[in-house]
Amino acid sequence: MRTKRAPAEVPVSPPPVRQQAAVIARAEQHPDVEAALHALRDAVTQAAPRTPEASRKTTRYTGARPLQNIARAQRHSKDVLHQRAMGFYKAAIALSRDPNGAASQKNAAIMLAALAQRAEAEGYEAVEKDLVKRVMTPLLHSLSLEALCQLARLNDRDDGLGDQILHDAGKLLGTDKPPQTADGAQARRQSNVASALLGLLAELSREHARAASWDGQVAAALEAARNGQHQRLDAALREMWQGDLLAGDIGTPRSQRLKELVERLAPDQQDALARMLGTDGAVDAATINFNDFTLRHLGEFETDPTMHRQMLGFIEHLRAASRATLHAGTNAFAPAGQPVPQSGADASVFPARITPPATLGSTFRRLRQSVASTFRRKATTRDAAKTEINKAVLQLIAGGRLDATHVQALQSVNDKLADKLGRSKGTTFQGVLVQEALSRLSPDQLGQLRASLTAARNDPHVSTGQDTGVKAFYRMLETRLDREAHIRRGAAALNEVLAALQQPRHPEKLVTALDLLADVHVQAPPQQSELDYYADALGRLGDTARATLQKRLKGREDIQRHMRGIRDELIHEPAAWLQYRHGQLNTLSVAARTKV
């Protein structure tokens, strides 16, 4: 997954400084596409030191028989590279329509390998002309949003289809030959070119998907808000939401993803969007109409209660992203104006503690740790930190305050963690240990801890900042306490999803369970990505739940099989609502395979 910029701290009084807009006039100007083009240039340059004239004199056919047949059929053509580029594009379209089809996957691998061979022979300038300028630029933007996002996923590390196509293309090129031979070395160079070509197709598709679901829809939403056209406004917002569901990086918080999209707008559009959303302090007809729409009329179009709450959550994240873009340095994850309505149980009440079932592996690990700690002469830094954190938490639960002794002990273990892991990793590890301590507490204990932290926040000695160590620890506890509540709610909802996945003949149960998971997820901290949220919930359920999820959601085929049942159950629902459920299953599949 691509690295995203970390959110900035929230200033006390953010100055209204204009965020520099990065308007994308052509897809090739996006940083991800530029990186893909550079990767392709490097791969082709390293693989093809020869001149195009010298390469055209070559008559030797290499690779598997399908590649040799293509080369023989085109041996008299004067436009071979363009023909192969068009063949690769046609294969990509067929793949986007039937990503699980064996024939479409096989044809995509053949055409990719054939294009890589010719790209190695003719060089980067020819590839840029015949593939990018003559094929992808005029044709790619005409594809549907769903097709573009299918192709964009080919470059995602969590997607197995792109890896499978590259593996098959490599076999066709001959990467199974010994690398020390001339044919083996050439095949590996061509395989690198194939990887770069597939990456370029994916990133160009992703950028076109962003443009289709964002650039045009923002303008449509602004016009609809000015004119009070509720149906058009809902359609534009739904398209923007669906585009984020299809093309967004699930490892990046949505507020941050939306902030990057807002930044690509022209300055006047940024201003107009901020005014419509009510984040710049000014009010006009668009502001009034948009507020009236979200408060009174959104439910008329988003009639599914769960999807209604999801759309409200999307709008609040959009407001936060607009505010962060308008005021340089503002945290994109700052709370926005309208809270999302709660569903079900009171969110202020802590859920019951969730204890994963014991397995042979977990029992052995606990036994080994117990034996090691018994015979260890000196406690490890981890054990010392756990002990001091547990003492501090129990002291607060009992209604006490942290005195100088507690603070000194905590600071000592913090310094040791920093010396061993570094300051940043040491602080993160301390947070993990705090989360472990909170996971063992009952709801009553968590409630008492929250009450003690609230009282401590009003303590003049702490609030004036005289004891910065205590203040920092309290702040970490409050953050982790909120996260603990979300982890428990998410784990309980995920448990229902796991049970429903094991009943494939009852898709209505899976829909109910996914909606329950959606309702608790919409209240999650905005600085947490979808993948992190699901991984936290799954980690709390233990290894057995992870194994079950890995079995039921192995990849695209399993997800599509469950989605067929969901579509039969919800055949009347809009595409965006169905896409949200598909996104839930996909994120769960990735979370199950993610190492923790």
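Analyst: The average is 85, and 84% of the residues score at least 70. The pLDDT is the predictor's confidence in each residue, from 0 to 100. This is a predicted model, in which local features need pLDDT of at least 70 and side-chain atom pairs count only at pLDDT 80 or more, while totals for chains, interfaces and linings use all residues. Residues are numbered from 1 along each chain as its sequence is written, and side-chain values use heavy atoms, with hydrogens and water left out.

User: Where is the pLDDT below 50?

Analyst: Residues 1-21 are one such stretch, with 51 contacts in the model beyond near neighbours in sequence. Residues 54-59 also have a pLDDT below 50, and that stretch has five contacts beyond near neighbours. A contact means heavy atoms within 4.5 Å.

User: How many helices and strands are there in the chain?

Analyst: The chain has 26 helices and zero strands. Helices (H or I, at least four residues) and strands (E, at least two) are DSSP runs, numbered from the N terminus. Of the 596 residues, 51% count as buried; buried means under 20% relative accessible area, exposed over 50%, and partly exposed in between (1.4 Å probe, protein chains only).

User: What share of the contacts joins residues at least 24 apart?

Analyst: Among contacts between residues at least 6 apart in sequence, that share is 77%.

User: Changing topic, how much space lies in the second largest pocket?

Analyst: The second largest pocket holds about 1,100 Å³. On a 1 Å grid over the protein atoms alone, a pocket is an open set of points where a 1.4 Å probe fits, with protein on both sides within 12 Å along at least five of seven lines; lining residues have an atom within 4 Å of a point. Grid points are joined across faces, edges and corners, and the volume is the space filled by probe spheres set on the points.

User: Which residues lie nearest its centre?

Analyst: L245, L246, G248, I250 and N586 do, out of 50 lining residues. Elements giving two or more residues to this lining include α9 (182-227), α10 (230-247) and α26 (575-593). The largest share, nine residues, comes from α26.

User: How do the lining residues divide into nonpolar, polar and charged?

Analyst: There are 19 nonpolar, 16 polar and 15 charged residues. Ala, Val, Leu, Ile, Met, Phe, Trp, Tyr, Cys and Pro count as nonpolar, Asp, Glu, Lys and Arg as charged, and the others, Gly among them, as polar.

User: How many salt bridges does a search of the whole structure find?

Analyst: The search finds 31. A salt bridge is a side-chain nitrogen of Lys or Arg within 4 Å of a carboxyl oxygen of Asp or Glu. One of them joins R319 and E316, whose closest N and O atoms are 2.6 Å apart. Both residues lie in helix α14, three residues apart, about one turn of the helix.

User: Is R319 buried or exposed?

Analyst: R319 is buried, at 6% relative accessible area, and E316 is buried at 8%.

User: What about R382, which residue does it form a salt bridge with?

Analyst: R382 pairs with E436, and their closest N and O atoms are 3.5 Å apart. R382 lies in helix α16 (residues 381-397) and E436 in helix α18 (residues 423-439), so the pair ties together parts 54 residues apart in sequence. R382 is partly exposed at 34% relative accessibility, and E436 is partly exposed at 25%.
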